[in-house]
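Please examine the sequence and the model below before reading on. The paragraphs that follow lead from one residue to the elements around it.

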Amino acid sequence: MDRRQVLAYRIAEHGLHRTARDVAELAVVRAGLQDSMRDTALLAAVARVDGRVSLVDDDRLVLAWTLRGAPHYHLDLAEVTRALVPLDDADALARMLWQRKELAATGLAAADVVFTAAAALRAVVTKEMTKGAVSTAVTKKLPPEFSRWCRGCNATHIQEQLMRIAAPHAGLRLVAGATPATLAPLEGRGRMRKTPDVAAATSVVESYLRLNGPASPGEAAEFVGTARAVVDKTWPSDLAEVKVEGKTRYLPSSSLAALENPPEPDVVRLLPPLDPFIQARDKALLVPDPARRKEVWKMLGNPGVLLADGDIAGTWRTKGSGAKLAFTVTAFDPLRPAVREEAEAEAARVAAARGFEKHTVTWTES
């Protein structure tokens with residue numbers, strides 16, 4: 001398989017042909033839709049749903065810190081929470097991501113730390129509380145080695161990633177649309193589960209391979225937010241082995257026919273930063289040119305991407321002023337007039353979804 005065929009398959013799997021009439025139909029929502037930047041999840045849904053979209057008001061969806069500790073909308077949070085129960089201490093430690101060293105330095109079993117923090121969060125959050133208030137209260141309940149000095153807050157509080165990965169086990173959700181971030185207890189939350197559910201964890205890996213496959217075990221591990229050795233324990237059994245640009249990759253066998261004959265990727269979409277399509281971990285496949293990859297994935301402040309002719313064709317940013325939203329779209333290469341026209345129609349959809357009455361589009365080339 002070459003990259004163009006893989007991208008055509010992913011465009012279809014991600015629902016970017018916009019045949020869905022409801023967010024619940026989208027595979028990216030069933031897998032968990034990330035909402036880490038302003039309107040990320042909303043605009044990802046707008047790019048895929050043929051009709052009006054409102055996530056904040058959708059009672060079927062629950063927003064919570066889940067995969068990699070990032071906020072995601074879920075249709076079935078209970079199943080995802082089961083998948084997030086650490087398989088062992090190595091898994092719990094890996095999920096701390098950038099704060100692994102701090103957790104390891106405690107000398108405590110990593111899984112015990114996670115569940116101790118979860119128990120404290122559960123005791124503290126009995127009603128809606130801002131993240132700052134929760135952090136202050138739970139820090140007082142935990143041993144000092146669970147906390148760190150935060151220069152930005154000018155205070156000592158629970159390690160950020162620890163609070164995030166412990167929160168779903170505590171039966172907590174995020175209040176959708178609330179600023180600042182606000183936590184609340186889930187209605188009818190049951191007892192905290194500490195027993196790993198290998199089947200649920202395997203389902204998360206399989207979902208990644210179906211949406212962003214063919215992919216490698218290492219790429220799946222990075223998406224899940226754990227170690228490669230952990231993913232080896234939850235690696236799905238019924239997979240097809242595929243060569244992509246000469247490299248061995250995998251996807252569910254049931255998806256092989258769709259990969260072999262994907263629909264023509266004749267869509268133009270403005271995808272927001274952190275859209276599920278660009279959450280695939282094989283960045284060099286998505287954007288082969290290193291200089292262009294640096295434009296798409298930055299250390300801070302990622303732009304959105306322009307999807308056209310089955311490829312990532314550029315980036316886009318916006319700036320709001322009053323009732324007007326100004327778009328700047330930067331094309332990697334000259335675009336056909338029809339593509340520009342469709343992109344401007346997509347800009348109108350984005351502006352309307354974000355509540356702006358007017359918009360402008362300025363084109364540049366990189």
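A polar contact is a pair of N or O atoms within 3.5 Å; within protein, one of the two must be able to donate a hydrogen and the other to accept it. The model considered here is a predicted one.

With that criterion in hand, one may turn to Asn302. A polar atom of the Asn302 side chain lies 2.5 Å from the backbone nitrogen of Lys298. Asn302 is found in the loop that runs between helix H15 (290–296) and strand E12 (304–308). The relative accessible area of Asn302 is 15%; because buried means under 20%, Asn302 counts as buried. Leaving aside residues up to four places away in sequence, Asn302 touches Met37, Pro273, Val296, Trp297 and Arg317.

Asn302 also has a place in the description of the largest pocket. About 850 Å³ of space lies in this pocket. Which residues are the closest to its centre? Of the 26 residues that line the pocket, they are Gln34, Leu274, Arg281, Met299 and Asn302. The largest share of the lining, three residues, is contributed by helix H9 (residues 160–166).

Strand E12 has two pairings to consider. Strand E11 (residues 268–271) runs antiparallel to E12 and is joined to it by four bridges; here Arg269 stands opposite Leu307. E12 is also joined by five bridges to strand E13 (residues 311–321), again in an antiparallel arrangement, and in this pairing Leu306 stands opposite Gly314. E12 and E13 form a hairpin with two residues between them. In the turn, Asp309 has a positive phi of about 55°.

The buried residues of H7 include Ala110, Ala111, Val113, Val114, Phe115, Ala117, Ala118, Ala120, Leu121 and Val124.

Methods. Residues are numbered from 1 along each chain as its sequence is written. This is a predicted model: local features need pLDDT of at least 70, side-chain atom pairs count only at pLDDT 80 or more; totals for chains, interfaces and linings use all residues. Side-chain values use heavy atoms; hydrogens and water are left out. Buried means under 20% relative accessible area, exposed over 50%, partly exposed in between (1.4 Å probe, protein chains only). Contact means heavy atoms within 4.5 Å. Two strands pair if DSSP finds at least two bridges between them. On a 1 Å grid over the protein atoms alone, a cavity is a set of points where a 1.4 Å probe fits but cannot get out, and a pocket is an open set with protein on both sides within 12 Å along at least five of seven lines; lining residues have an atom within 4 Å of a point. Grid points are joined across faces, edges and corners, and a volume is the space filled by probe spheres set on the points.
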